[in-house]
Amino acid sequence: MKFKPLAFIINIAITLSVGALGSLATAESVKTWYPTINKPSFNPPDWLFGPVWTSLFILIGIAAYLVWIKRDRIVHFPRTFAIYFIQLILNLGWSFIFFYLHEIGFALAEILILLIVIIINAIAFYKVDKWAGLIFIPYILWVGFATILNYNIFILN
């Protein structure tokens with residue numbers, strides 16, 4: 001299939017926009033609230049989160065692009081992309097719940113739902129384009145780790 005640069009850029013821009021909105025929720029708390037809470041010993045350094053999330057959002061955008069360019073061949077395209085947008089909204093929601101509202105327990109419940117929806121999204125994308133589904137593996141692994149981290153922060157606080 002021919003590369004479509006505008007569709008590629010739009011799909012990347014959508015996911016990076018979600019990341020940017022999430023960073024608005026985290027910006028103040030990362031400086032004020034987050035340093036004051038108890039964290040497990042395996043908590044990554046703060047500087048790591050930005051590059052990891054940026055990379056993941058770019059990968060998610062690439063996966064979406066791979067599915068988008070095949071949309072005419074997908075019988076259930078609206079459902080497939082609805083799942084995609086639900087996981088993006090849940091991703092954004094977690095940032096607001098955890099960092100803006102400081103609701104660690106509620107964020108834990110939300111991230112568990114997010115992880116399930118990401119896996120469902122990966123499977124739906126895989127059915128359309130194997131690479132689109134496989135690209136979600138780092139995202140699944142990172143959110144799985146974030147879930148464990150969120151759980152431990154909840155227990156420690």
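## Helix α6 and what covers it

The elements that cover the buried residues of α6 include α2 (46–68), α3 (77–100) and α4 (104–128). Helices here are DSSP runs of H or I with at least four residues, strands are runs of E with at least two, and both are numbered from the N terminus. The model is a predicted one, in which local features need pLDDT of at least 70 and side-chain atom pairs count only at pLDDT 80 or more, while totals for chains, interfaces and linings use all residues. Residues are numbered from 1 along each chain as its sequence is written, and side-chain values use heavy atoms, with hydrogens and water left out.

The buried residues of α6 are Tyr139, Trp142, Val143, Gly144, Ala146, Thr147, Leu149, Asn150 and Ile153, where buried stands for under 20% relative accessible area, exposed for over 50% and partly exposed for values in between, with a 1.4 Å probe and protein chains only. An α-helix has 3.6 residues a turn, so residues three or four places apart point the same way. Helix α6 covers residues 137–156, and because its 20 residues should span 28 Å at 1.5 Å a residue, the distance of 29 Å between its end C-alpha atoms agrees with expectation; the expected span is 1.5 Å times one less than the number of residues.

## Helix α2

The 23 residues of α2 should span 33 Å at 1.5 Å a residue, and the end C-alpha atoms are 34 Å apart, which agrees. Buried in α2 are Val52, Leu56, Phe57, Ile60, Gly61, Ala63, Ala64, Tyr65, Leu66 and Val67. These buried residues pack against α1, α3, α4, α5 (130–134) and α6, where contact is counted for heavy atoms within 4.5 Å.

## The nonpolar core

The largest nonpolar core holds 47 residues, and Phe98, Phe125, Phe136 and Tyr139 are those that touch the most other members. Such a core is a set of buried Ala, Val, Leu, Ile, Met, Phe, Trp, Tyr and Cys residues joined through side-chain atoms within 4.5 Å. At least two residues of this core come from each of α1, α2, α3, α4 and α6.

If residues up to four places away in sequence are left aside, Tyr139 touches Trp53, Leu56, Ile60, Gln87, Asn91, Leu114 and Ile118. Ile111, which has its place in helix α4, is buried because its relative accessible area is 3%. With the residues up to four places away again not counted, Ile111 touches Trp94, Val143, Ala146, Thr147 and Asn150. Ile111 and Asn150 are 39 residues apart along the chain, yet 8.3 Å separates their C-alpha atoms.

## The two largest pockets

Rolling a probe the size of a water molecule over the atoms shows where empty space is left. A pocket is found on a 1 Å grid over the protein atoms alone, as an open set of points with protein on both sides within 12 Å along at least five of seven lines, whereas a cavity is a set of points where a 1.4 Å probe fits but cannot get out; lining residues have an atom within 4 Å of a point. The largest pocket has a volume of about 620 Å³, a volume being the space filled by probe spheres set on grid points that are joined across faces, edges and corners. Among the 28 residues of its lining, Thr26, Phe49, Trp53, Ser95 and Phe99 are the closest to the centre. Two or more lining residues come from each of α1 (5–31), α2, α3, α4 and α6, and α1 gives the most, with seven residues. The lining of the largest pocket has 18 nonpolar, nine polar and one charged residues, where Ala, Val, Leu, Ile, Met, Phe, Trp, Tyr, Cys and Pro count as nonpolar, Asp, Glu, Lys and Arg as charged, and the others, Gly among them, as polar.

The second largest pocket contains about 160 Å³ of space. Its lining includes Ile74, Arg79, Ile120 and Lys127, and the elements that give two or more residues to this lining are α3 and α4. The largest share, five residues, comes from α4.

Thr26 lies in helix α1 and counts as buried because its relative accessibility is 15%. Apart from residues up to four places away in sequence, Thr26 touches Ser95 and Phe99. Gly19 is also placed in helix α1, and its C-alpha atom is separated by 7.3 Å from that of Leu92, 73 residues apart along the chain.

Most residues other than glycine have a negative phi, and most peptide bonds are trans. His102, in the loop between α3 and α4, has a positive phi, near 60°. At 33% relative accessibility, His102 counts as partly exposed.
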